[in-house]
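Please examine the sequence and the structure shown below.

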Amino acid sequence: MATPPITIHAPTPSGARPVTVHINNRDERLGLAHCDNDLIVFLADAGLADPKRILDNRAVVQWQGAEAHQYKAA
């Protein structure tokens with residue numbers, strides 16, 4: 001099974017980053033990540049195998065609005 005596209009959106013004013021997965025022709029919100037560990041938990045809960053390894057896989061994860069792994073307030 002292919003891994004669906006995941007978007008880590010730009011940080012909010014508090015520094016949290018909204019996380020969505022594109023599945024069934026729509027974006028489903030997984031949560032607000034305050035750190036990479038939050039992302040790993042969200043992706044594991046969504047059923048992705050070994051989510052830690054895909055965070056830097058540009059074919060699967062798109063980081064928007066700030067550098068990857070950055071959680072500074074906007």
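This is a predicted model: local features need pLDDT of at least 70, side-chain atom pairs count only at pLDDT 80 or more; totals for chains, interfaces and linings use all residues.

Strand β3 covers residues 26-33 and is joined to β2 by 7 bridges, the two strands running antiparallel. Together β2 and β3 make a hairpin with 2 residues between them. Asparagine 24 belongs to the turn and has a positive phi of about 55 degrees.

## Strand β2 and its other partner

Strand β2 (residues 17-23) also pairs with strand β1 (residues 6-8); this pairing is antiparallel and extends over 3 bridges. Here isoleucine 8 faces valine 19 of β2 across the pairing.

Why is β2 described as largely enclosed by the rest of the structure? The reason is that 5 of its 7 residues are buried, where buried means a relative accessible area under 20%.

## Salt bridges

Side chains of opposite charge can pair when their charged atoms come close. The structure contains 2 salt bridges.

One of them links arginine 26 to glutamate 28, with the closest N and O atoms 3.8 Å apart.

Is arginine 53 buried or exposed? Arginine 53 has 68% relative accessibility, so it counts as exposed. Aspartate 50, at 44%, counts as partly exposed.

How values were computed
Residues are numbered from 1 along each chain as its sequence is written. Side-chain values use heavy atoms; hydrogens and water are left out. Buried means under 20% relative accessible area, exposed over 50%, partly exposed in between (1.4 Å probe, protein chains only). Helices (H or I, at least four residues) and strands (E, at least two) are DSSP runs, numbered from the N terminus. Two strands pair if DSSP finds at least two bridges between them. A salt bridge is a side-chain nitrogen of Lys or Arg within 4 Å of a carboxyl oxygen of Asp or Glu.
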